[in-house]
Amino acid sequence: MSLQIENLHVRIEEREILHGVNLKVEKGETHALMGPNGSGKSTLANTIMGNPNYEVTEGRVLFNGEDITAADPDERARAGLFLAFQYPATIPGVSVANFLRLAVNARREEPIKVKDFGKILRENVDLLRIDREFVSRYLNEGFSGGEKKRAEILQLAMLKPEIAVLDETDSGLDIDALRIVSDGVNALSGPDMGSLIITHYTRILNYVRPQFVHIMLDGRVVREGGPELADELEEKGYDFIREEVAAADAR
Amino acid sequence: MPADTHGRSAGRSATGRAPDRGSPTWLDERRAEALAAYDAEPVPTWRRSGFWTTSLRKLDLDALEARRYEAVEELPPTVAAALGHSTDDGAARLGALIVQRGASTIHTMLDPELAEQGVIVCPLEQAVDEHPDLVREHYMGRLSHAEGKFAAATAAFWTGGAFIHVPADVKVELPIQTVYLIDEPGVVQYAHTLAVVGEHSECAIREYCLGAAIDGQALHAGAFELYARPGSNVKLAHFHDWGPGEIYDISTKRVEIARDAHVGWVPIHLGGRLVKQVLDIVTAERGSAMRHTGLYFTEGDEHLDLFTTDRKEAGHTTGDTIWKGALTGASRASYEGLIHILPDAQETHTYLQTHQMLLSQKAKGDAIPSLIVETDNVSASHGGTVGELDEDQIFYMTSRGIPRAEAVRVLVEGYFEEVVQRLGDPELAALVRGRIAEKLEAARDQVQEFIGERAET
């Protein structure tokens, strides 16, 4: 059970953003993908999920050994992939609860019973310490940054993917919201889920401890290691890594 | 087409009043003035700056007649289907009903409880005879035969019609409904509804304009006027579904709101070959307030041309207008919404927003908010969008496992849900939701194609 990225080259509007990315996330593992703005992190996240605006020119995405490079986003989702968006879209007129029911039912042959759905929804809402009123609001309409991120984590909890990609879920959160989101991710992580936490900063890594850290620069993964790599990054910054990589390339 | 001679014979032969019953001189005079205006006016073509033109050149006016029908106990199927939500639960849930088919009133019903409260709901023809002073006091108070050929035609030739009068200090719980039905080709229907809601009274009025799937042309030329007297509170809905036949609708509807009164007005347009309507809502006295919520969905080769005015005549008045539409097929829809604040209307607060969603390559639309302010110390804002489904929203939904086709359906229904919620009428909301879902299903392939094409580019 894994997500595997092989030599991925991705273009958007005629410009190549990813220049051959390799990455593997197994179920049960927690990975952090770190990099400065513009390094291609969000492009990778969108490509993994199949955003039609991103064109794969070379390489492939495998999920559980199957090539899903050309699969539609809904097929990927039903197979067990999930993306928590950096900037989730607003869905007017569709409540959080109704949206979740649609998404849950999309994975099932028979629609879930209203009572069963209500029970699961309440459990997860309570788990994430979300106000119960929240689920009757239109999804992301008028939500604060923190509410949007919580709605993403609530979806993650409800849909129980095998592999979750969290795209800058920590950005724009105050400490309390960050803690709630992190607690949620920790509660959901375990042998049944692998996650790829994409972040610019190291602060979420104070709450969610990854086993693997990847550093991305200019569309490539340039360094990989254990959690100590995040500590090193925290200490020295991206510029140091950049210089180090440039020096290595020059040799 | 010798337009200026059209309809005289048809209209005159169809005035519907039994000759022996006679008619008050004042009404004859009003009709005569209207007829003169009608004769003098050409068949109009409405043009607006840019590409927009509403033309009646494909309508063969001379081939239409004001057809009469017998009264019936059982409602025609088109009417029963639309009112199904009320009749299913028995007539007890309905306060009053008037059904006009073609030129004739074919069904009337008034709950005895309402009659006891002094509520009048009857054909306007009948009201002219039975309640002459009440009718005369309000008749065409805000409408004029000088507003073009079809306003004149309606004023000259109307038959049947509806008169609704709720006396002062009465709260009517059950809805009052009027229906204009066209279910045969070759029919012209001149309609006139006059509604007066007395001081501090409350009621809900629903008017249905319904067409069957006819094979041929027909015309509804309508006038609607509502006077909400001081302190009253009225929920008003207009539900238009002329069906897939070639039915034209050229109408003027006007609502006047007196001191401290409130009207929530909900016009819904779900079909018609060509619909040209002027919808005006006048906050005429201090403290009057309105909420205007409109919705339309056009398909096939339908043509919809709406002009609404939020007219503020007095200070300390408020308004809140929102219109949403969607277009499929090769349909055309234009919505223009004007906020007009007159010199005496200081301290008014109003806003208007209009949104339009294109769901097909061939559909063309327009959504234009505008503003005329002739005084100071007011707050008025407006905004409009014409757009397509947002690809980011579709991606977001599909990333949750929802298939693309379903995502599109849910997004369009969600887009309308905001205004459907504002209907404040669960029965009507259910009817509207159902009809929108049907229309979306009918347009499913072309919407998919349109959305799919965009995804690939």
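Visitor: Leaving aside neighbours within four places in sequence, what is B:I176 in contact with?
Guide: In this predicted model, B:I176 is in contact with B:G95, B:A96, B:V121, B:I164, B:C203, B:A204 and B:I205. Contact means that C-beta atoms, placed from the backbone, lie within 7 Å. Residues are numbered from 1 along each chain as its sequence is written, and chains are lettered from A in the order in which they are written. Local features need pLDDT of at least 70, while totals for chains and interfaces use all residues.

Visitor: Is B:I176 buried or exposed?
Guide: B:I176 is buried, because 26 other C-beta atoms lie within 10 Å; 20 or more count as buried, 12 or fewer as exposed.

Visitor: Which strand is that residue, B:I176, in?
Guide: Strand β7 of chain B, residues 176-182. Strands are DSSP runs of E, at least two residues, and helices are runs of H or I, at least four, numbered from the N terminus.

Visitor: New topic. How many residues of α8 in chain B are buried?
Guide: Six of the eight residues in α8(B), 391-398, are buried, among them B:F395 and B:Y396.

Visitor: And chain A: at what angle do α5(A) and α6(A) pack?
Guide: About 10°, with axes 10 Å apart. The two helices, α5(A) and α6(A), are therefore roughly parallel, the word for angles under 35 degrees. Axes are lines fitted to C-alpha atoms over the stretch in contact, and angles run from 0 to 180 degrees between N-to-C directions.

Visitor: Which residues of α5(A) make that contact?
Guide: A:G146, A:K149, A:R150, A:I153, A:L156 and A:A157.

Definitions and conventions
Predicted model: local features only at pLDDT ≥ 70, side-chain atom pairs only at ≥ 80, totals over all residues. Contact = placed C-beta atoms within 7 Å. Parallel < 35°, antiparallel > 145°, perpendicular 65-115°, else oblique.
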